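Please keep the sequence and the model at hand while going through the points.

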Amino acid sequence: MLSALGLGLAGVLAVAGLLWQYSQDLPDLNQLQNYQPSLVTQVYSSDRQLIGQFFIERRILTPLSAIPEHLRRAVIAVEDVRFFEHPGLDYIGILRAAWTNVRRGGKVEGASTITQQLARSLFLSSERTFDRKVRELVVAYKMELVSSKEQILELYLNQIYFGQGAYGVASAAQSYFGKDLSALTVAEAAFLAGLPKSPNHFSPFKNFERAKKRQEHVLFRMEEAGFLTSAERERSAAEQLNFRRPGSEQIAPYFVEYVRQMLIAKYGEAMVYKGGLKVMTTLNLEMQQAAEAAFAAGLREIDKRQGWRGPVRTVDVSSAPPAAAVGALSQPLKAGDYLEAVVVKPGKDFYFVQIGDTQARLAFDDMAWAKRRLTGPDVTKDFVVNPNPKQILKPGDVVEVAVKKIEKDAVLVQLEQTPLVEGALVAMEPGKGAIRAMVGGFDFNRSEYNRAVQAHRQPGSAFKPLIYAAALDQGMSPASVVLDAPVVYEQVEEEKTWKPENYGKRFHGMVSLRDALAQSHNLATVRLLEKVGVKNVIEFSKQVGISSPLAADLSLALGSSSVGLMELTSAYGVFLNQGNRAEPYAIFFVKDNQEKVLELAEPESQEVISKETSYLITNMMEDVVQKGTGQAAKVLGRPVAGKTGTTNDFINAWFIGGTPNLVTGVFVGFDDRRSLGETESGAHAALPIWINFMKTALKQVPVVPFVIPEGITFVKVDPSTGLLNNDPEDQPGNVEIFTKGSEPTQAAQRRLDPTDFYKLDQMAEGSQ
């Protein structure tokens with residue numbers, strides 16, 4: 001008897017000693033009261049739509065009160081049904097798990113409590129050793145002494161990993177279902193609750209059947225625990241789960257990256273990636289989507305005009321089924337999808353192509369553009385033309401197609417190819433400087449280089465409004481005339497001559513500034529710059545927001561100095577906003593994870609040029625649209641002003657313009673600065689993208705006219721001289737606008753035409 005007692009006492013002492021030994025050097029549990037997990041920084045559009053996240057661990061800290069009860073119950077039911085009854089260690093659960101494992105001949109059920117799992121996640125490693133397990137038990141017990149059950153459950157639900165890079169229940173709800181916690185159904189909550197045991201093993205994207213069985217197991221445990229009735233369990237088990245696919249399309253990736261760089265510069269990487277900031281941006285999501293769609297479609301059209309580069313690759317369809325060449329489809333086809341297809345065989349007026357398990361038809365008419373086949377990088381020279389569509393493709397060619405239409409008995413596709421040409425689009429609110437949309441290239445995954453803010457390219461004629469505005473600022477008017485005729489400049493230092501030319505190599509004699517800008521006459525602009533003064537134009541450009549260095553010579557008239565799309569679009573915004581400049585900005589406010597406001601934008605605009613100068617140049621740019629190089633924009637049916645831009649050899653194409661409440665700039669060009677192709681001017685390459693974007697974007701803003709300042713007056717002038725036209729019988733006279741005090745006071749000499757002699761002769765006969 002005594003020996004048994006002795007052995008028992010020795011055993012107790014041994015266990016106590018063991019526990020004492022493992023309780024040494026344990027982490028300080030006071031950290032629980034100051035729990036600071038790594039949190040995700042969330043970036044929102046102006047209408048509070050989540051557009052981006054920055055994180056080390058994707059986690060959204062959520063108080064227990066904001067976590068739905070059915071989700072809490074699902075987790076407790078499957079992970080630790082006696083959570084509110086045990087002191088951190090569940091002896092009954094350990095015995096039950098052991099018995100279940102013995103009966104089933106292997107480890108089927110674990111016995112770690114929620115507290116143990118939290119202890120392991122916060123303080124210990126995940127190594128499977130006896131030492132770690134004992135330390136886990138000691139830490140779990142001590143945690144229960146210093147924290148309430150509610151605190152432990154809240155920490156657990158925010159800390160634990162759910163797969164797909166999601167830590168905590170709120171992040172998991174977003175990752176798997178694209179939902180806030182409050183919107184989760186019981187079925188969805190049960191699915192999430194089943195993940196922490198093995199997120200990879202139970203991923204629905206790897207094995208849906210296994211993931212579904214795990215969810216049904218959680219629902220069964222919820223019924224067993226009394227959290228659900230049998231009918232509720234069956235109803236939830238039958239509910240269809242609609243998962244958000246991993247790696248879903250990025251929203252506004254160039255803009256989000258632009259915001260990330262600004263945040264890191266101001267707050268540092270630790271705060272951005274771990275601090276859980278809430279960032280409200282100026283981005284208008286609907287405008288952004290319209291910008292991305294218009295930009296991608298526009299580049300595809302340009303790319304098709306350049307010619308076809310051939311199949312993506314060629315495979316042997318005789319040794320393997322065609323479907324194997326492009327792989328299985330992850331989801332049903334729908335119109336607008338861009339996919340790879342393998343050519344099977346030609347038909348009468350179409351090709352049969354295979355997309356996964358689906359056979360489709362590619363009509364010859366839907367690949368007519370591919371008759372022009374590129375043979376090298378120079379799109380102006382390296383091409384051949386093959387008029388026979390049956391010779392363009394052959395069986396085994398893997399090509400890119402877009403689903404055009406899905407009919408009952410056929411899927412119709414059209415031939416596509418991923419453009420190599422690049423460019424950018426940026427849209428801003430002139431009065432505030434708020435950036436509403438930004439596209440920095442065709443594909444962010446292909447190139448993260450943001451051409452909207454980082455690229456500097458020659459703007460060509462898109463720079464001319466700054467020269468004409470500087471002239472107006474000096475007292476000239478839209479009616480002032482300038483000579484458009486050949487001119488040669490001696491460049492002494494370089495010992496050569498410079499002979500600027502007009503597009504089309506035609507000359508127009510004396511022209512008004514209005515017509516010279518509308519028709520983009522180069523020679524008239526060079527002479528105007530010479531008259532205004534290069535230094536004056538450079539200084540004026542700085543006033544309206546151009547920060548890039550500008551060439552201090554007459555080539556500036558032709559847009560020879562490289563500028564950024566953002567800065568030039570912002571400068572146009574000054575003209576459209578009555579001479580007021582607002583610095584472009586992307587971040588409206590930033591809050592920390594305690595909802596404290598760290599930054600709040602208070603956009604201020606200041607007058608940098610007069611309202612009168614602003615209105616004069618805007619009115620002249622309205623004529624660019626009404627009767628000049630931008631006439632295609634008339635389709636918008638509302639007051640718009642803008643200017644095209646094209647550089648030598650069609651290397652860059654621009655269009656910038658807008659309304660009083662939205663200014664947009666578009667630039668198109670290859671990164672290696674080669675030609676876009678003959679005729680790919682600003683009006684042909686950039687303007688269609690601008691129009692397609694503005695058609696959608698302008699639906700969100702009211703139709704407003706450009707405000708006419710009080711200092712503007714209207715005078716009838718002779719169009720050939722810009723002087724007063726006082727003859728009421730002279731029909732060619734134009735009503736022109738002037739800044740009060742600058743209108744002409746001298747009348748033009750009356751010109752005689754052949755009809756005048758007829759009138760004089762008639763008068764003479766009548767007097768006889």
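**Note on selected features**

1. Strand 3 and strand 5 (residues 166-167) are paired in the parallel sense, over 2 bridges. Strands here are DSSP runs of E of at least two residues, helices are runs of H or I of at least four residues, and both are numbered from the N terminus. Two strands pair if DSSP finds at least two bridges between them. Arginine 59 has tyrosine 167, in strand 5, as its bridge partner.

2. The model is a predicted one: local features need pLDDT of at least 70 and side-chain atom pairs count only at pLDDT 80 or more, while totals for chains, interfaces and linings use all residues. Residues are numbered from 1 along each chain as its sequence is written, and side-chain values use heavy atoms, with hydrogens and water left out.

3. The sheet is open and has 3 strands in the order 3-5-4, with mixed pairing. Strand 3 (58-59) and strand 4 (161-163) stand at its edges; each has a single partner strand, so one side of each lacks a neighbour in the sheet.

4. Where does leucine 181 lie? Its place is the loop between helix 7 (169-177) and helix 8 (186-193). Leucine 181 counts as buried, at 6% relative accessibility (buried means under 20% relative accessible area, exposed over 50%, partly exposed in between, with a 1.4 Å probe and protein chains only). Although leucine 181 and alanine 66 are 115 residues apart along the chain, their C-alpha atoms are separated by 7.8 Å. Beyond its neighbours within four places in sequence, leucine 181 is in contact (heavy atoms within 4.5 Å) with residues including Thr62, Ala66, Leu71 and Ala173.

5. The axes of helix 2 (residues 69-79) and helix 8 come within 8 Å and cross at roughly 40°. Axes are lines fitted to C-alpha atoms, for helices over the stretch in contact, and angles run from 0 to 180 degrees between N-to-C directions. Helix 2 and helix 8 are therefore oblique to each other (under 35 degrees is roughly parallel, over 145 roughly antiparallel, 65 to 115 roughly perpendicular, and the rest oblique). Among the residues making the contact are Leu71, Ala74 and Val78 of helix 2 and Val186, Ala189 and Ala193 of helix 8.

6. Of the 11 residues of helix 17 (residues 522-532), 9 are buried, so this helix is largely enclosed by the rest of the structure. The buried residues include Asn522, Arg527 and Val532. Just after helix 17, glycine 533 takes a positive phi of about 105°.
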